[in-house]
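This report describes how the elements of a two-chain model are arranged. It starts with sheets, then turns to the contact between the chains and to helix packing.

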Number of protein chains: 2
Amino acid sequence: MSTQVALKPTALEAALPAFRDANVLVTGGLGFIGSNLAIRLAQMGARVTIIDKKYESGGANEFNIDPIRNEVTLVVSDIAKYSRITSVVRDCDYVFDLAAQVSHVVSMADPLMDLEMNCVSHLPLLEACRKSPSDLKLVYTGSRVQYGRITKTPVKENHPIAPVDTNGISKHAYEQYCLLYNRSYGLRATSIRLTNTYGPRNVMKHSKQGFVNWFVRLCIDGAPVEVYGRGRQLRDFTYVDDVVDACLLAAICRTEGRAMNVGGYPTSVRGIAEILRKIRPSMKIVPKPFPPERKAVEIGDYIADYSQFSDLTGWSPTIPLELGLRRTVEYYERFKSHYW
Amino acid sequence: MSTQVALKPTALEAALPAFRDANVLVTGGLGFIGSNLAIRLAQMGARVTIIDKKYESGGANEFNIDPIRNEVTLVVSDIAKYSRITSVVRDCDYVFDLAAQVSHVVSMADPLMDLEMNCVSHLPLLEACRKSPSDLKLVYTGSRVQYGRITKTPVKENHPIAPVDTNGISKHAYEQYCLLYNRSYGLRATSIRLTNTYGPRNVMKHSKQGFVNWFVRLCIDGAPVEVYGRGRQLRDFTYVDDVVDACLLAAICRTEGRAMNVGGYPTSVRGIAEILRKIRPSMKIVPKPFPPERKAVEIGDYIADYSQFSDLTGWSPTIPLELGLRRTVEYYERFKSHYW
C-alpha cells in the first residue's frame, strides 16, 4: 500500500475535467481532510496551493501531503496574516476553506483562540474571494456541532442551531458569513456540514479530535479501548474519501448559497469498537462509567439527513464502515512513525 | 428640563431595592442605551462602573453621563484590553453588556472590526463572569438584526436566523456564547433582542445608526426629511426609557438562559416622519426613490412578539411614539451643542 489515494469510479468521473488545470486553494491543506482533498485535486491535474498555519496539535502534518509534496505550492502561514492572499485568490477557480480548530475540549478551554481560528482569521480570505474577478466557487466545511443537542433525527438543515460548545458557535458564525456573502455579493459560496469523519491522515497523538482515530490508535497499540456507558449513542461516520467526493461535488454543482448536511453510515460508539475488534481480534473493549463532564456535552444520537445534498449533487457515501476502518488501520500501521 | 431621567412609577418600583448599593458594570456606558441605563442605575443607588472604549462615531459621548459624572467609575478602554476586568467582575452583582458596533453600513464595510467589537472583545469579559464567585447576572442586548429578512410577523424568538448584514452575524454569535455559558457553566446570562430604539443620548452626527435620530436632527435643523419609496415598511419603535426598564427587569427576573424579544410601538417609516411633523409643523417630508443598495437589505416589516419577555417580567412599553418623540426633540434642542 502506498500513500496514494486511489481514484474511485464514481459519478465524479464525469466531473474530473473541471479540476484539470484549475487553480485551487485549500486552506488547512496539511490537516486531515484538507490533505486528502489536496492529494485528490493534484491527482486530477489541479494546480493546488495550500495555506496552512501548521497547527500541529490540531493535526497539521507535512507527511500528510507526502504523495504530492513536489506538485503543490505550500504556504505556511495563518490565513489572516498572509499578505499575498488577494493575489492568490485573484486567479482561483475553487477555494476549499477547511482550516479549522475542531476540538471540543480546546474550544471550551480557549474560546478566543477557537473563534480566531474558525472565524476571525477567515474573514480576510472571504473579502478577497468577494473581490476576486475570477467568479470562483468557495466550499466551506461546516460541522454537525453547529446543531448542538439533537432534538429530532434524522437531522435536517432546519434543525435548531444551539451548539453545546464554543466550537459550534465559531463554525456556525463563519458559515453565516459565507452564506451572507452569497446573498449580498453573489459570491458562489456553499457549506457542507460534516459529521464524524475518519480515515488516513488524521491526528493520532491525542484523543481531542474525535474518538474513532483514538480507538484506531489503541487498537494498533494493543491497548484496551474504553467505551463510556453502554456506548449506544449513535453517530454518523463518513470515510474521508467520501468527504473528499462531497467537497468536489459541492464545488462543481449548483450548491451556492446553501448549507447542506453530509452523512455516512450511522452506528453506535460501541459498534465502531466492535468493527475494530473484528479487524484486529486481539483488541479489548472495556466499558467505563460516563464521565460527568462528557455527559454534560453529550448531544444524543446524531444521524444526518443528507437528502438535500444528495439531490443536488448525486453524492452518497460509498465506503462502508468495515472497509473504511480496515483501510484506516492499515494506513496507520504502515505509517505509524509519522503519526504517533 | 434637565438631563435627569425621571423615575417612572412602574412595576419596576418594587424591584428598585435590588439595585440599591449593588455593584453594577455597564459596558458601552458612554453610548446611547448604556448611558441612559447607567443614569437610571446610579439614581437607584447602584455603584456603577462604566467600561467604554469611547468609539465616538459609534455614539460614545461623555456628555451622555453628565448627570452622574461624579457618581460613577469610568474606565476608558476596550473591554478586551482592560487588565483589571477580572477584579471588577469579581464583586459585581449585575453586568449589562451593551458595548457594540450597531451600524449596518459600518459592519459591511469592515466585517472584521464589527466582529471584533461585537463578539471577540467580549469573550474575556464572559470568561471573567463565568469565573466570578459573585453569582452575578449578565444581561446582553441582542438585536432584531439577528433575524435578517422577516418571513413571518409578529416575530417570535424561533423565527429563522438569517442576517442580511455582518452586524447580525456578530451580534448573534455573541448571544450564542452568552447562552452557552449559561447551559455549560450555569452563568446567569440572558439576552434581550432590541428593535429600533430611539430617544435622548443617541449619536446625531450621522445617519448610520438608525433613521429616527436622523429624522429628529433634520426636523430640528429645519431640513427636509427624505422618506424612501412610500415609507410604508413597518418597524417596531421603543423609547429608550422603556429599553432601560427592560434591561433592569431582565436583570432581576428569572430570564437566565433565554433570548427574548423586546418590542414597542410598530409604525411605518413615514409614520415617524408624520409624528415629527405634528410636533414641529414646519418640517417638510420629501419622498425619494428607494436606493438600490438600501432595497437589497430591506428586511420587510418587523413587529416583535415580546410576549415571552412580558410573561416573565411584566414588562411592556409605556411611552407612546408621540410622547417619546416629543421628549427626544426637546432633549436635542436643548443640548444640541453636545450632539451636532
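## Sheet of chain A

Two strands pair if DSSP finds at least two bridges between them. Helices (H or I, at least four residues) and strands (E, at least two) are DSSP runs, numbered from the N terminus. The model is predicted: local features need pLDDT of at least 70, side-chain atom pairs count only at pLDDT 80 or more, and totals for chains, interfaces and linings use all residues. Residues are numbered from 1 along each chain as its sequence is written, while chains are lettered from A and ligands numbered from 1 in the order in which they are written.

In chain A, three strands form an open sheet in the order E7-E9-E11, with mixed pairing. Strand E7 (196-198) and strand E11 (265-268) of chain A are its edge strands, each pairing on one side only. From one strand to the next the twist averages 45 degrees; angles run from 0 to 180 degrees between N-to-C directions, and axes are lines fitted to C-alpha atoms, for helices over the stretch in contact. Strand E9 (residues 234-239) of chain A pairs with E11(A) in the antiparallel sense, over four bridges. Opposite A:Asp236 stands A:Pro266 in E11(A).

## Sheet of chain B

Chain B has an open sheet of three strands, ordered E7-E9-E11 with mixed pairing. Its edge strands, E7 (196-198) and E11 (265-268) of chain B, each pair on one side only. The pairing of E7(B) with strand E9 (residues 234-239) of chain B is parallel and covers three bridges. In this pair, B:Asn196 stands opposite B:Phe237 in E9(B).

H9(B) packs on the sheet and touches E9 and E11 of chain B. The direction of H9(B) makes about 95 degrees with that of E11(B). Contact here means that the C-beta atoms of two residues, placed from the backbone, lie within 7 Å.

## Relation of the two chains

## Contact between the chains

Chain A gives 14 residues to the contact and chain B gives 14 residues. On the side of chain A that touches chain B, helix H4 (111-118) and helix H6 (166-185) of chain A each supply at least two residues. H6(A) gives the most, with seven residues. By class, this side of chain A has eleven nonpolar, two polar and one charged residues. Ala, Val, Leu, Ile, Met, Phe, Trp, Tyr, Cys and Pro count as nonpolar, Asp, Glu, Lys and Arg as charged, and the others, Gly among them, as polar.

How do H6(A) and H6(B) lie to each other? The axes of H6(A) and helix H6 (residues 166-185) of chain B come within 10 Å and cross at roughly 165 degrees. H6(A) and H6(B) are therefore roughly antiparallel. Angles under 35 degrees count as roughly parallel, over 145 as roughly antiparallel, 65 to 115 as roughly perpendicular and the rest as oblique. The crossing of H6(A) and H6(B) is right-handed; a crossing is right-handed if the near helix is turned clockwise from the far one by less than a right angle, and left-handed if anticlockwise. Among the residues of H6(A) in this contact are A:Ile169, A:Ala173 and A:Tyr177, and those of H6(B) include B:Ile169, B:Ala173 and B:Tyr177. The residues of the H6(A)-H6(B) contact divide into eight nonpolar, four polar and no charged.

## Helix packing within chain B

Helix H5 (residues 123-131) of chain B packs on H6(B) at an angle of about 25 degrees, with the axes 11 Å apart. H5(B) is therefore roughly parallel to H6(B). In H5(B), B:Leu123, B:Leu126 and B:Arg130 meet B:Tyr177, B:Cys178, B:Tyr181 and B:Tyr185 in H6(B). This contact has six nonpolar, no polar and one charged residues.

Helix H7 (residues 211-221) and helix H9 (residues 269-279) of chain B pack at about 30 degrees, their axes 10 Å apart. The contact of H7(B) with H9(B) includes B:Phe215 and B:Val216 in H7(B) and B:Ile272 and B:Leu276 in H9(B). Its classes are nine nonpolar, no polar and no charged residues.
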